[in-house]
Amino acid sequence: MKQVELLAPAGSMEALRAAVQAGCNAVYLGGEAFGARAFASNFDHDQMIEAIRYAHRYGVKVYVTMNTLIYDQEMEEAIAYARFLYEQDVDALLIQDLGFCDRVHQELPDLELHASTQMHIHNIQGIETAKKLGIARVVVPRETTIEELRILTKQGVEVEAFVHGALCLSYSGQCLMSATLFDRSGNRGECAQPCRMRYELWRQTKNGDERIDVKGSYLLSPRDLFTLKELPMLLDAGICSLKIEGRMKKPEYVAQVVMMYRKAIDAWMKQRPVTVDENELHALSKLFSRGFTDGHAFQAPGRAMMNPFRPNHQGVVLGKVIKVSNHRIRIRLQEDLHQGDGIRILGKVEDEGCIINRLYIDGKLASSAKANQVIEIDRKVRAEKDAVVQLTSDRALEKKLQQMYQDVRRIKVSIHVAAKAGEPLQCEIRDEEGFYIEAYSESPVQAAQKAPMSEETLKHAFAQLGDTPFELDSFTCRISDACFMNVAQIKNVRRKAIEQLSALRERRHSDRQQGVYHRSYHDAVDPRGLFACVETLQQYQACKDAGIHDIVTDRYSLFHQLQAKGEAVGFHEGNIVKTKQDAAMGGENGALSMKRMITDATLNLTNKEAVSFVSSCGISTMVLSLEHDLVSIQALCAAFQQEGKGMPDMAVMIYGYRDLMISKVCVINTYAKDGTKKDCSLCRLNRYYLKDQKGRIFPLNNDENCNMRILNERADDQILRIPFYRQQGIRSFYLRFTIETAEETKNVLKRVKRTLEMGQ
């Protein structure tokens, strides 16, 4: 049976040790830059070297996350860091950026590359594009169903899937909400987690707007993924690597999760039933849980996916407040409680938490209490009678886990020793992976004057491996004569042999190769000029009347309606593509294998290398990422101009509402209906929007496949910047119409025409 990889997160060196000792096969971690978890502890250069050596010593692979978008002014620094990792023997890089991926593959051709879930490869066409980039493994989106997994695992690349941890509401790599609202880009590793904030759901009606009555206010906050009980189905689907999310989590959490999934994988490998140990699940809930869901893979409906009540760690129910006095809070326990544990008392408006420093039973200080006892704590937080109390950290559990991951993993070795008078003592060691070394004593074995050494003497000396990762599996020796060597010399040979074996295990890739980057692209001989995407017949007519000849629509129904009338319109397949179809414009990596004419901003092109790669795939016009600012666009254009070969037809979106999130979970269906059915039609009957705590309004503009699209509160409007873009050499400009009325569309088009005429 094929070996399955258990891939664990490592946000710190202690978390890495916990993951390794708990039984993972590989870890993923980030350096000080270019990783999608900028606020994890991460690893500096020296720590990175230590991490790679430590993991390799135990036979664990190390994958480093360089999965952010990279701008032109950062590319050389990113390549230099990739070279450093390459030289330090890292096993693979996780990458989001197309241009960075293309360069690394050409310059470091034998470095394994994995497409991060941020690259948004979610279909067969996307995998074909990944192959062009030299990608060996694709991390598929969390939205992938079990049926889709069975197909994607048969496309000639390894498939890695998330099996546990935090869920993003939006498709990864397609979320602009944090970048737009807080200037902290999720595509740059700085997500402010707007999905964990409070919102209200509103409906527009003829009689005015009305708020939908929803229990809870965290309408965009998903539960945590937990697939242990469905693991056999995922493994049978052909997934090669099971990924645990959690680079921001404590080492104890990492150890507990890895241990549970390790046990399940081992059971599956031995064709035994995979079961969920309720005690272990309870322990996991104490360490971190927002409530659990088996996720999109198993078509969990909206309400089973979401936790609108609390966006943070819930823990387990500890008990209930039975009395509140001026100085104390009295609680009846359902769980054991210890000094140093963390609790949270749930409030009607806000929860409040604290660490238990002093614990009273019958008025006397105690260090711990048992379930069903009544205890008191100092009143450091607000509490009301009958409030539920949650246990959010268990000090005893954490100590137990800390002891568990203190270098207990062992590597079996077979040792053979040969001793002959007048010759050096020879030691051969072979470990369970097949690594082999030979070591010799500095001085020769002596002829025995009295008691010759025996096999037992040698075995005892070589079996003393307690302070190393190794343990003796088998021992053989050949003693040719009556000979002797003192114990200190024998142990010195053992020490030298173990050091050599450790060094061999720590450096696993020899003779790595260097290459040269080259990528040709197509000069924009005939730029597209002004083009538009529309969603309504009225918007189409307004664009046509304004003289725009290049129009696409991302609404299939409108496309067929216009085609039937003989109108010249193209289809925009968007950025969530599940089936092959004819289209003029695309917004995801599969478009590069389907040879679309235009790619949208959702492809996230931020540097010269990415644009060049897309151009080489036959794309004639590409809309640049909405993550750009004026400085980065200026740098991108300058990078092409420095070559003096012209540049591809790059376009900027000069007007349009941007999608802040694209989600498979629809909050309208989840909270205004029963949350179980697709195609509920509610969004066709009325307009809905979200309102945040600052009163900002975010229109919901679901597509025809029931993907929820949260629009920004106002349209991006860069019409007045057209002269600046022209100065940089950009000649194509994109208009995106979504919720605009016919009159609003006409007004935008008038402004565009006026600005273009002024610049001629």
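Does K250 count as buried, partly exposed or exposed, and what is its relative accessibility? At 47% relative accessibility, K250 counts as partly exposed, where buried means under 20% relative accessible area, exposed over 50%, and partly exposed in between (1.4 Å probe, protein chains only). The model is predicted: local features need pLDDT of at least 70 and side-chain atom pairs pLDDT 80 or more, whereas totals for chains, interfaces and linings use all residues. Residues are numbered from 1 along each chain as its sequence is written, and side-chain values use heavy atoms, with hydrogens and water left out.

The structure contains 51 salt bridges, each defined as a side-chain nitrogen of Lys or Arg within 4 Å of a carboxyl oxygen of Asp or Glu. In one of them, K250 pairs with E398, the closest N and O atoms being 3.5 Å apart. Because E398 lies in helix 12 (residues 395-404) and K250 in the loop between strand 11 and helix 9 (251-269), the pair ties together parts that are 148 residues apart in sequence. Helices (H or I, at least four residues) and strands (E, at least two) are DSSP runs, numbered from the N terminus. E398 is buried, with a relative accessible area of 15%.

A further salt bridge joins K243 and E160 (3.3 Å, N to O). K243 belongs to strand 11 (residues 241-244) and E160 to strand 7 (residues 158-166), 83 residues apart. Both are buried, K243 at 5% relative accessibility and E160 at 0%.

R709 forms a salt bridge with D703, with 3.0 Å between the closest N and O atoms, and both residues are buried.
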